[in-house]
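Student: Could we go through this structure together, one question at a time?

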Amino acid sequence: MKKIVEDLNWRYAVKQYDANKKLSTEQLDIIKESLRLTPSAYGIQPLKFIFVSSPALREEIKEIAHNQGQVVDASHLLIICSHKSIDESYLDNHVNLVTGIRNTPPERAAGFSEFLKNNILKMPDSDVEPWNVRQAYIALGQLLHTCASIRVDATPMEGFNAKKLDELLGLEEKNLKSVLLCPIGFRSTEDNYQHLTKVRKTNEQLFETI
Ligand SMILES: Cc1cc2nc3c(=O)[nH]c(=O)nc-3n(C[C@H](O)[C@H](O)[C@H](O)COP(=O)(O)O)c2cc1C
């Protein structure tokens with residue numbers, strides 16, 4: 001308990017990264033595993049995690065992210081994307097994944113497939129896209145905590161032009177949309193934000209028992 005609260009107080013939304021400090025392979029592997037283990041509704045993981053390695057591309061992304069320096073200075077730049085829609089073949093692949101891993105008998109697999117399709121394919125397209133977007137925020141929350149627990153910094157970012165980013169990366173053709181940017185790396189000693197006291201509502205304001 002104490003360790004979790006310490007981790008959460010250690011983290012803050014870094015404004016200035018130390019461009020010379022890079023993540024180790026081990027740190028990156030932990031971060032990827034945390035993203036992979038993110039829960040999602042029905043377990044269908046309608047997400048894609050894109051790491052942008054090209055410095056030139058990161059410069060272009062910075063321009064459509066209100067010139068926020070973290071985009072280029074952090075060790076890594078992650079884009080959390082969600083799927084724009086879900087079709088029958090996507091669900092078939094998911095059923096195959098689950099039944100393959102769990103060795104499900106065929107009759108149960110058929111029932112599972114029908115259950116998924118009945119629930120998900122019936123949803124209007126206009127509901128599916130925002131539903132998938134919400135799953136991206138679950139990944140973000142888990143990522144922020146994971147990073148803090150290994151003393152790696154991360155900045156959640158909605159401050160970018162998602163339409164322009166999707167065009168730049170050709171995401172729509174891949175049935176994807178960008179939801180969040182997340183620079184990941186190490187805070188600069190010059191980032192004054194690290195010295196600010198956290199601002200949160202009090203327990204009395206936030207919690208209610210009924
Ligand atoms: C969804 C989301 C979007 C955010 N977008 C940005 C952003 O574009 N740029 C930025 O510097 N901080 C961004 N922030 C950071 C918040 O301003 C910050 O988390 C909040 O003020 C609380 O401070 P703390 O994270 O340092 O405790 C974002 C945070 C969240 C959760």
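Tutor: Happy to! This is a predicted model, so keep in mind that local features need pLDDT of at least 70 and side-chain atom pairs count only at pLDDT 80 or more, while totals for chains, interfaces and linings use all residues. Residues are numbered from 1 along each chain as its sequence is written.

Student: How many helices and strands does the chain have?

Tutor: Helices (H or I, at least four residues) and strands (E, at least two) are DSSP runs, numbered from the N terminus. Along the sequence they follow the pattern α-α-β-α-α-β-α-α-α-β-α-β-α. The count is 9 helices and 4 strands.

Student: In what order do the strands sit in the sheet?

Tutor: Two strands pair if DSSP finds at least two bridges between them. S1 (residues 47-51) and S2 pair in the antiparallel sense over 5 bridges, and S2 pairs with S4 (residues 176-185), again antiparallel, over 8 bridges. The sheet of 4 strands is open, and its order is S1-S2-S4-S3.

Student: Which are the edge strands?

Tutor: Look for strands that pair on one side only. The edge strands are S1 and S3 (153-154).

Student: How many residues of S2 are buried?

Tutor: A residue is buried if 20 or more other C-beta atoms lie within 10 Å of its own, exposed if 12 or fewer, and partly exposed in between, with C-beta atoms placed from the backbone. S2 covers residues 76-83 and is mostly covered. The number buried is 7 of its 8 residues.

Student: Which helix packs on the sheet?

Tutor: The helix to find touches S1, S2, S3 and S4, where contact means C-beta atoms, placed from the backbone, within 7 Å. Its direction makes about 150° with that of S2; axes are lines fitted to C-alpha atoms, for helices over the stretch in contact, and angles run from 0 to 180 degrees between N-to-C directions. The helix is H7 (residues 125-149).

Student: Is Lys-62 buried or exposed?

Tutor: Lys-62 lies in helix H3 (residues 55-63), and beyond four places away in sequence it touches Asn-67, Gln-68, Val-71 and Val-72. Because Lys-62 has 20 other C-beta atoms within 10 Å, the answer is buried.

Student: What is the distance between the end C-alpha atoms of H5?

Tutor: The expected span of a helix is 1.5 Å times one less than its number of residues. H5 (residues 88-102) has 15 residues, so it should span 21 Å. The distance in the model agrees: 21 Å.

Student: What is the phi of Gln-45?

Tutor: Gln-45 is in the loop between H2 and S1, and counts as partly exposed because 19 C-beta neighbours lie inside 10 Å. Tyr-42 is also found in the loop between H2 (25-36) and S1, with a positive phi of about 60°. For Gln-45, phi is positive too, near 45°.

How values were computed: Two residues are in contact if their C-beta atoms, placed from the backbone, lie within 7 Å.
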